Amino acid sequence: MISFTVALVALTAAIGVVAAPVNDPADITISKRSSPNSSGTNNGFFYQFWTDGAGGSATYTNKDAGEYSVTWTQISDMTSGKGWKNAAPRNITFTGTVNAQGNFYLAVYTWSQKGENYILENYGTYNPCSGGKTVGTLTSDGSAYQICTVDRGNNYIQNWSIRQQKRSSGTVTTSNHYNFYQSHGLTHNPLSDAAYQIVSTEGYGGSGSADIVVKADA
Ligand SMILES: *[C@@H]1O[C@H](CO)[C@@H](O)[C@H](O)[C@H]1NC(C)=O
Ligand SMILES: CC(=O)N[C@H]1CO[C@H](CO)[C@@H](O)[C@@H]1O
Ligand SMILES: CC(=O)N[C@H]1CO[C@H](CO)[C@@H](O)[C@@H]1O
């Protein structure tokens with residue numbers, strides 16, 4: 001079992017700044033996740049762990065098969081997760097727990113140079129569609145999802161599906177989302193060039209912990 005830890009608390013203390021949730025969602029840059037601090041293969045799954053290096057501490061641990069755990073304390077921004085290097089229209093089952101103060105995202109996530117996609121299953125205090133453009137509503141896997149796009153600038157667009165019945169365990173029929181995007185004018189298919197597809201835990205501006213087991217039908 002290998003863990004990765006980043007601790008920036010000492011630096012924060014040295015410059016006399018109280019570790020505070022300084023990170024506004026609008027500050028997230030395009031470079032996010034494009035150069036993960038740690039990524040690779042573990043027990044047949046792709047994994048990814050990244051922080052913006054701007055404060056707080058986080059520890060990510062790869063466990064058996066598709067399981068990982070992560071803890072974060074007064075973090076600026078931290079992303080992590082396990083999944084696959086090749087994105088596909090999988091039915092993805094995740095089982096776990098998230099305990100967090102402040103903001104966090106638990107999502108089926110794809111990243112590409114052209115944009116990122118969150119199928120958001122659970123989240124904290126901030127609904128990212130509140131700063132976005134609503135596309136419509138999809139019903140899938142037992143809940144309505146609010147679909148929106150958020151423009152991060154420089155032609156970098158996020159596509160979001162936000163589950164109304166929040167959960168930390170369940171199955172996501174991802175093709176329902178990808179097909180919905182295609183039929184509602186979101187011209188870019190997340191599967192065409194995604195660098196990876198993971199069940200992502202992201203924390204920012206708060207503290208928390210998560211333990212998630214990922215698997216797929218196909
Ligand atoms: C995924 O789920 C859908 C809907 O339940 C089902 O029709 C499809 O066969 C499943 N795909 C796989 C690969 O299991
Ligand atoms: C803790 C750490 O080194 N974080 C770095 C991870 O990579 C990003 C670039 O994507 C840097 O900005 C962080 O400082
Ligand atoms: C990740 C992703 O698919 N982003 C797309 C969201 O939708 C807009 C509008 O079609 C595209 O430009 C993005 O590339």
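This is a predicted model: local features need pLDDT of at least 70, side-chain atom pairs count only at pLDDT 80 or more; totals for chains, interfaces and linings use all residues.
Let's begin on the inside. In soluble globular proteins, nonpolar side chains tend to be buried together. Here, the largest nonpolar core has 30 residues, and Trp-72, Val-199 and Ile-212 have the most contacts inside it. Several elements give two or more residues to this core, among them strands E3 (45–51), E4 (57–62) and E5 (67–75), helix H2 (174–183) and strand E13 (196–216). Strand E7 gives the largest share, 6 residues.

Leaving out residues up to four places away in sequence, Ile-212 touches a list of residues including Tyr-68, Phe-94, Val-98, Leu-106 and Val-199. There is also a second, separate core of 17 residues, and Leu-120, Tyr-156, Tyr-196 and Tyr-204 are included in it.

Now for the annotated residues. An unreviewed UniProt entry marks Glu-116 and Glu-202 with the annotation "active site". Although they span 87 residues in sequence, no two of their C-alpha atoms are more than 13.8 Å apart, so they gather at one spot.

Glu-116 sits in strand E8 (residues 115–123). Its relative accessibility is 4%, so Glu-116 counts as buried. Setting aside neighbours within four places in sequence, Glu-116 is in contact with Tyr-109, Thr-110, Trp-111, Tyr-156, Ile-157, Gln-158 and Asn-159. With one of these, Tyr-109, the side chain of Glu-116 makes a polar contact of 2.3 Å.

Glu-202, in turn, lies in strand E13. With a relative accessibility of 0%, Glu-202 counts as buried too.

Notes. Residues are numbered from 1 along each chain as its sequence is written. Chains are lettered from A and ligands numbered from 1 in the order in which they are written. Side-chain values use heavy atoms; hydrogens and water are left out. A nonpolar core is a set of buried Ala, Val, Leu, Ile, Met, Phe, Trp, Tyr and Cys residues joined through side-chain atoms within 4.5 Å. Buried means under 20% relative accessible area, exposed over 50%, partly exposed in between (1.4 Å probe, protein chains only). Helices (H or I, at least four residues) and strands (E, at least two) are DSSP runs, numbered from the N terminus. Contact means heavy atoms within 4.5 Å. UniProt positions are given in the numbering used here, feature names are shortened, and annotations may be inferred rather than shown by experiment. A polar contact is a pair of N or O atoms within 3.5 Å; within protein, one must be able to donate a hydrogen and the other to accept it, and residues adjacent in sequence count only if both atoms are side-chain atoms.
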